[in-house]
Amino acid sequence: MGLHIGVDIGGTNLRVGVIDGLAVIHETRVHADFSLICKSNPPRLAWQEILRITCEALMPALQAYPAAVSIGIGFPGFIDPESGMIAQSPNLPGLRNVDLAGDLSPLIGRRVVIENDALAAAYGEYRLHPDSGRHLIYLGLGTGVGGGLILNGKPHAGQHGVAMEVGHLVVEPDGRLCGCGNRGCMEQYASASGVSITYHERAGRQCDADVIAGLAASGDEDAIFAYALAANTLAQALAHILKVVDVREVVIGGGMCKAWPLMEGAFNQRLQKDLIPVLRGRVRVAVSGTADHAGIIGAALLAAGH
Ligand SMILES: [Zn+2]
């Protein structure tokens, strides 16, 4: 299969991995707050900065493994399946119709393929767990909430690249304003940013989701509430998704996975209640056990055409 490079771009960090088969043999992680870069710069400048950081982050892997010929990038945005352009990225405001693969490829002299980050992670999870059957849903809890669907062993991006943009299912009509332009989207409640907003609304303090997880573990009621609300909205959305796309395997990944023990009880209760009765007890929801490598592996495999 040879060596391939996979990149997972998140709201606040960028990870580059070199994979051999299905194993990550080299990994670099760069802290890069692309969200902040987009919020504090005009779009053209923000884009130049994103390109520069991505290029720099790739250099160590390219120098150490010059034989790696293709680079797959999982990017948090709506990717047009025909053109490969990033149409919009709700958590990277201002970015519209940018061509990451086209702009990056000449800078690094390699073929670059871009895919939605959650879809790449879904494919990685699917390939790492060959016993998962034909279909799999991946839900990534990070700065936003991403979703990816594998149908009959193949990633399903949809006609316009927004299939499984589950973070933007409306769970609270006229609720919190979302980066996509609508109100009440699930990711405004179930993501790390959503947990921070809920906690801020109740406790009047701005904390990040990790800190709130610690507070919840030590009994802080507002923190417990923030995670329970995240769990409830996620389960509510998943119950609806499963009525449309009937799969058995669901994998929960992303940085917020660490806090799953805080969410699991409320999540399972809500999910069983809201699932269509014939599906109750027949859907397997597991937390990703791939140490956050699924996105890198999936992106690399998709770019390599494997
Ligand atoms: Zn939205």
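A salt bridge is a side-chain nitrogen of Lys or Arg within 4 Å of a carboxyl oxygen of Asp or Glu. By this rule the structure holds 10 salt bridges. The model is predicted, so local features need pLDDT of at least 70 and side-chain atom pairs count only at pLDDT 80 or more, while totals for chains, interfaces and linings use all residues. Residues are numbered from 1 along each chain as its sequence is written, and side-chain values use heavy atoms, with hydrogens and water left out.

**Exercise 1. Identify which atoms coordinate the zinc ion, and state the geometry of the arrangement.**

Step 1. Donors are N, O and S atoms within 2.8 Å of the metal (3.2 Å for Na, K and Ca); water is not among the atoms, so sites may look incomplete.

Step 2. The zinc ion is coordinated at 2.1 to 2.3 Å by ND1 of His168 and by the SG atoms of Cys178, Cys180 and Cys185. Along the chain, these donors follow the spacing H-x9-C-x1-C-x4-C.

Step 3. Four donors count as tetrahedral if all angles lie between 85 and 135 degrees. The angles around the zinc ion are 103 to 122 degrees, and therefore the arrangement is tetrahedral.

**Exercise 2. Classify cysteine 178 and cysteine 180 by accessibility.**

Step 1. Buried means under 20% relative accessible area, exposed over 50%, and partly exposed in between (1.4 Å probe, protein chains only).

Step 2. Cysteine 178 has 5% relative accessibility, so it counts as buried. Cysteine 180 has a relative accessible area of 22% and is therefore partly exposed.

**Exercise 3. Locate the salt bridge between arginine 202 and aspartate 222, and classify both residues.**

Step 1. The two side chains meet at 3.3 Å, N to O. The pair links distant parts of the chain, 20 residues apart: arginine 202 lies in helix α6 (residues 192-203) and aspartate 222 in helix α8 (residues 221-244). Helices (H or I, at least four residues) and strands (E, at least two) are DSSP runs, numbered from the N terminus.

Step 2. Arginine 202, at 44% relative accessibility, is partly exposed. Aspartate 222, at 22%, is also partly exposed.

**Exercise 4. Describe the salt bridge between glutamate 249 and arginine 284.**

Step 1. The N to O distance is 2.4 Å. Glutamate 249 belongs to strand β12 and arginine 284 to strand β13 (residues 284-287), 35 residues apart.

Step 2. Glutamate 249 is buried because its relative accessibility is 10%, whereas arginine 284, at 45%, is partly exposed.

Conventions
Four donors count as tetrahedral if all angles lie between 85 and 135 degrees; four count as square planar and six as octahedral if opposite donors are over 155 degrees apart and all others between 65 and 115; anything else is irregular.
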